[in-house]
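Here is a friendly briefing to read alongside the model. Have the viewer open as you go through the topics below.

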Amino acid sequence: MQTSELINFGSKILSKSTNSHRIDAEIILSHILKISREKILISENKVSKKNISKFKYLINRRLYNEPIAYILNKKEFRSKDFFVDKKSLIPRPETELIIDPIVKNFKNKRLFFLDIGVGSGCIMSSILKELSHSKGVGIDICKDTILNAKINLFNLKVQNRSRLLNRSFKNIFNHKFDLVVSNPPYVVRRDINRLSNDIKKFEPKLALDGGNDGLDVIRKIIYKSKSILKLNGVLALEIGRGQYFSVVKFLKENGFRKSRIVKDYKNNVRCIFSTLLKNKTK
Ligand SMILES: C[S@@+](CC[C@H](N)C(=O)[O-])C[C@H]1O[C@@H](n2cnc3c(N)ncnc32)[C@H](O)[C@@H]1O
C-alpha cells in the first residue's frame, strides 16, 4: 500500500469518531514512518507490511477516542516535546500562558518555587529551563504522573535544580517559597460527563475534578499558600471559565492582592497572579 492510500484508509475509519480524521491519520503515519507530515504529503512511498499493521493498530486506538498525545506518547508545550501517557493530563496550550509572566517577573532572581499538581511537569520544567537561577519543588498526589514529570525534567536537563514529591499540598510544611504555581483540577464535577470522549474516557479524573463548584482545590490552595509563601510571594493560578470573580474574592479575603491576569484566546481570564500581603502561619 502507498502512503496516500493508507492515509485515505485511516481517515475513512476515523471519520466515524472524529472530525480531525484526516489530520489524525497523517500524524499517526508520520509518527510510524518517522517522516514529517509535510514530506509524507508531497512524496508517495510504499509502506511495509509491518508498518501497515502498526498503523492499523494505532488508528484503532484513535477510533475509540484515545487522544493523539497518548498514542504518540508526546505533546508539545512551549516548543518542547513532553512525554505523556494516560497517567498525566495532556499539557494544554492555555497553560503555556502562565509561564511568560513568571519568567518576566523572576528574571535574574534566585527563584524558589512550588508547582502544585505537577502532572507531566510541563509548568515546572518550563520555568526551570527558562530561568536558569531557579530551583523548584513539584508535588502531585498521583505517583505515576510524578514518574512522567521525572522523565521530562531529565529530558530538559533541569533535574539537578528540581525535587519531586508524591504528596498533597496539604502536607507541605516548613518551606517558604517565592512563588507557588498551580494548574489545579477545576472542572465542576457534574460537568465531567459532558466533556468530550477524548477527555472523559482517557484523562485522569484526579486532574479534572474540582468538586461541586469546580473551586474546591483552588480554595484550598489559596488558603494553604498563605503559610508557605514568603511575604510578597506570588501565587500564580490557572482557573476555569467563569471562575474569575469567585477566585478574586477568595484571594482578597485571604490577604492576597491581584497583580495581573492573562486571558486566553477566547477572551476568558485563564491565569491570575496575586501577591501575598500579610504573612500568616497556620
Ligand atoms: C490539571 S492537572 C495539571 C497538570 C500539569 N501541571 C499541567 O498543567 O498540565 C492537576 C494535577 O493536580 C494533581 N492534584 C490533584 N489534587 C492534588 C493535591 N491535593 N495535591 C497535589 N496534587 C494534586 C492531579 O493529580 C493532577 O496531576
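Which residue in β5 is the bridge partner of Gly 136? The partner is Ser 162, and strand β5 covers residues 162-165. This is a predicted model, in which local features need pLDDT of at least 70 and side-chain atom pairs count only at pLDDT 80 or more, while totals for chains, interfaces and linings use all residues. Residue numbers start from 1 along each chain as its sequence is written.

**Domains**
- The domain assignment gives domain 1 (3-64) and domain 2 (75-276); such bounds come from an automatic or database assignment.
- The centres of domain 1 and domain 2, taken over C-alpha atoms, are separated by 34 Å.

- Strands here are DSSP runs (E, at least two residues), as helices are (H or I, at least four residues), numbered from the N terminus.
- Two strands pair if DSSP finds at least two bridges between them.
- Strand β3 (residues 112-116) and strand β4 (residues 135-139) run parallel and are joined by five bridges, with Asp 115 opposite Gly 138 in β4.
- Four of the five residues of β3 are buried, so β3 is largely enclosed by the rest of the structure.
- Buried means that 20 or more other C-beta atoms, placed from the backbone, lie within 10 Å of the residue's own; exposed means 12 or fewer, and partly exposed is in between.
- β4 and β5 also run parallel, joined by four bridges.

**Strand β7 and its partners**
- Seven of the ten residues of β7 are buried.
- Strand β6 (residues 177-182) pairs with β7 in the parallel sense over five bridges, and Leu 179 has Val 234 as its bridge partner in β7.
- β7 and β9 pair in the antiparallel sense over five bridges; Glu 238 has Cys 271 as its bridge partner in β9.
- Asn 232, found in β7 (residues 229-238), counts as exposed because it has 11 C-beta neighbours inside 10 Å.
- Leaving aside neighbours within four places in sequence, Asn 232 is in contact (C-beta atoms, placed from the backbone, within 7 Å) with Thr 275 and Leu 276.

**Nonpolar cores**
- A nonpolar core is a set of buried Ala, Val, Leu, Ile, Met, Phe, Trp, Tyr and Cys residues joined through C-beta atoms within 7 Å.
- The largest nonpolar core has 53 residues, of which Leu 179, Val 180, Leu 235 and Ala 236 touch the most other members.
- Apart from it lies another core, of nine residues, including Leu 14 and Ile 28.
- Beyond four places in sequence, the contacts of Ala 236 include Ile 98, Val 181 and Phe 273.

**Ligand shell**
- The ligand is surrounded by 23 residues, counted when the C-beta atom, placed from the backbone, lies within 6 Å.
- The closest are Gly 117, Gly 119, Ser 168, Asn 183 and Ala 207.
- By class, the shell has 15 nonpolar, seven polar and one charged residues, where Ala, Val, Leu, Ile, Met, Phe, Trp, Tyr, Cys and Pro are nonpolar, Asp, Glu, Lys and Arg are charged, and the others, Gly among them, are polar.

**Positive phi values**
- Asn 108 has a phi near 65° and lies in the loop between α6 (99-105) and β3.
- Asn 267 has a phi near 70° and is found in the loop between β8 (256-263) and β9 (269-276).

How values were computed: Two residues are in contact if their C-beta atoms, placed from the backbone, lie within 7 Å.
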